[in-house]
Amino acid sequence: MSPNIISAPVRAMLVLGTRPEAIKLAPVARAMAASPLFDPIVVTTGQHREMLHQMLDLLRVEVRTELDVMRDRQELSKLTARLVDGLGEVVREHRPDLVIVQGDTTTALTGALAAFYEHIPVAHVEAGLRTGVLDNPFPEEANRRLIGRLARWHFAPTPRAAQHLTAEGVPATQVFTTGNTVIDNLLWVLEEGTGNSLFRTGLRRVLLTLHRRENQGDKMRAMGKAMRRLADRGDVEMVVPLHKSPAVRDALLPELTDHPNIRVVEPLGYLDFSATLAACDLVLTDSGGIQEEAPSLGKPALVLRTTTERPEAVEAGAARLVGTEPEVILNAAIHLLDDAEAYERMATAGNPFGDGHATDRIVAQLAEDFGADAETEPPSGPLIASRPDGPGSYSTA
């Protein structure tokens, strides 16, 4: 399926509902808003409603339409049904020329479905990530595979991601290796310099984030116990931005509160989170996006999962997949804190996820395919970017 050739401005609906989607689509929305070639229509679904409002304002993204679909502890099936229904109405109301979704959330899947049902072509930003295990992470791996069957434009962050798509039968003419927009936004935010780090001491600074469904329950509780033991060393300051999920809080709060070297805080705004990431020494996370951001800042990342759809960071040596066993996690963290050579190897590994120009490539390709005359050529050359001159180069602490 190919889009209809139309006159500019191209009406581009950007659908987002979670904090990572907002972060990674913000540079695309800003670029389109600044261009006479596009009319961006930003729609939020409210999947992470409490985290989005202030952040989108700070990222200079104007929201056109907002849905309210979240219910406390609702089943995925009910969330999916509400999103398809609500987004279908929005697509019919605005009749965009294309719909842009990002990543692998339920919002992304249902945005693609709603567009497909209305015969609107879909652009998928951060396409082609795969673990090879359909239910790990759950439901993200299934979501991104399904979006891969619906999309017309597949904007892959790395050559490996692009290869996954062509191996699955996506025509090579519809796959574009762009780098990841998360790097574009991170560099923009740190350049703005308006965030504040949450670290307060001169101790070794460890940033911990946990939220994934497959880690919740006893597994996450055990990881929390291991992190408390890490803080017991006495030379570690740990900051833990706590996800809003009741299941995450039930697991982690009993293990991490009331420790002098652990700061459990509410979810940070993107600007403050970026500053805190830039100021840390070590990241422990089950997040996908942080695996992409940390190498840009020379921050070794231990990935607390059994699979990752971002193996490029592991292969580059900037991240290590350590699994979910508490003793393995604890020993891996201690090793990096105590072994200066091992730490330096990870900190200087570089960033395989882009050069900060993914947005330029995406917008230029869409402009070309819709018959508009782009003002600039998309950047060319290798996407792999060296890390900054030294750890903490972008720190705003």
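Student: Why is F155 called buried in this model?

Tutor: F155 has a relative accessible area of 1%, and buried means under 20% (exposed is over 50%, partly exposed in between, with a 1.4 Å probe and protein chains only), so F155 is buried. The model is predicted, so local features need pLDDT of at least 70 and side-chain atom pairs pLDDT 80 or more, while totals for chains, interfaces and linings use all residues. Residues are numbered from 1 along each chain as its sequence is written, and side-chain values use heavy atoms, without hydrogens and water.

Student: How do you know whether F176 is buried or exposed?

Tutor: With a relative accessible area of 15%, F176 is buried by that cut-off.

Student: What makes the pair of F155 and F176 tilted?

Tutor: Rings of Phe, Tyr and Trp (its six-membered ring) pair if their centres lie within 6.5 Å, and planes under 30 degrees apart count as stacked, over 60 as edge-to-face and the rest as tilted. The centres of F155 and F176 are 5.6 Å apart and their planes stand at 35°, so the pair is tilted.

Student: What makes R30 count as lying over the face of W188?

Tutor: The rule asks for NZ of Lys or CZ of Arg within 6 Å of the ring centre and within 35 degrees of the ring normal; R30 lies over the face of W188 at 3.7 Å from the ring centre. R19 likewise lies over the face of F273, at 5.2 Å from the ring centre.
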